[in-house]
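Please open the structure in your viewer and keep the sequence beside it.

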Amino acid sequence: NAGPNDLRGFRVKLVLLGDSGVGKSCIVLRFVRGQFDPTSKVTVGASFLSQTMALEDSTTVKFEIWDTAGQERYAALAPLYYRGAAVAVVVYDITSPESFSKARYWVKELQKHGSPNIVMALVGNKADLQENREVSVQDAVDYAEKNGMFFIETSAKTADNINKLFECFVSHRDFPLD
Ligand code: GDP
Ligand code: MG
């Protein structure tokens, strides 16, 4: 029988937001299939994938993942995906200050229109491209702290921190259960 902290059968609706090209789909593909496809296609509208993660205590968490398209012309659809989401993962590319500013736009949007107890993570992806870094860790940490978000840098290419990203939500147990 499920105890109070038992996550068996627990489902987490998660949405990814961020500029087009920051690597949202690659993060999902890495997490769900353990693969990186450098020729992956642009997401049209949004796509859905689910992944059940086994935890150390042999319980599981099922992530229901909505991967949105970052393009302007789909922006009006975004509320369909983030409304009702327990977790929002806002992704930027550490080599692109424009994508970091777009990430801040999404955070504000979520604060205004998302569920009031939504859990947010700020993710700096493409951390393998250190030599092209244009967004400092410090700027991102400061912003995440100010906005009560998790912060992590990932690489979908090398798989660095991808599992850790999803694991950080598991230890956060204030989700509405369903
Ligand atoms: P999305 O529009 O946010 O879904 O971005 P995609 O997942 O389609 O990725 C956009 C481009 O960035 C693709 O060419 C990927 O190969 C590349 N990419 C994604 N993640 C990484 C990463 O961690 N490192 C590097 N070097 N390239 C990445
Ligand atoms: Mg995509």
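**The whole protein**

The secondary structure of the protein amounts to five helices and six strands, where helices (H or I, at least four residues) and strands (E, at least two) are DSSP runs numbered from the N terminus. This is a predicted model, in which local features need pLDDT of at least 70 and side-chain atom pairs count only at pLDDT 80 or more, while totals for chains, interfaces and linings use all residues. Residues are numbered from 1 along each chain as its sequence is written, and chains are lettered from A and ligands numbered from 1 in the order in which they are written.

Colour the chain from the N terminus on, and the elements follow as β-α-β-β-α-β-α-β-α-β-α. Along the principal axes, the C-alpha atoms fill a box of roughly 50 × 35 × 35 Å. Buried residues make up 40% of the 178 residues; a residue is buried if 20 or more other C-beta atoms, placed from the backbone, lie within 10 Å of its own, exposed if 12 or fewer, and partly exposed in between.

**The sheet**

Select the strands next. They include an open sheet of six strands in the order E2-E3-E1-E4-E5-E6, with mixed pairing; two strands pair if DSSP finds at least two bridges between them. Strand E2 (46–54) and strand E6 (150–153) stand at the edges with a single partner strand each, so one side of each has no neighbour in the sheet. From one strand to the next, the twist averages 25 degrees, with axes fitted to C-alpha atoms and angles running from 0 to 180 degrees between N-to-C directions.

Now select E1 and strand E3 (residues 60–68), which run parallel and are joined by seven bridges. Valine 15 stands opposite tryptophan 66 in E3.

**Helix H3**

Move to helix H3 (residues 97–113). Which of its residues are buried? They are Ser99, Phe100, Lys102, Ala103, Trp106, Val107 and Leu110. Seen down the axis of H3, these buried residues fall within an arc of 155 degrees, so they line one face of the helix; the arc is that of the directions from the helix axis to the C-beta atoms. On the other side, Glu98, Ser101, Lys108, Lys112 and His113 are exposed.

Display what covers the buried residues of H3: strand E1 (10–18), helix H2 (78–82), strand E4 (87–93) and strand E5 (119–125) are included, a contact being two C-beta atoms within 7 Å.

**Helix H4**

Finally, select helix H4 (residues 137–146), which lies across E5 and E6 and runs at about 160 degrees to E6.
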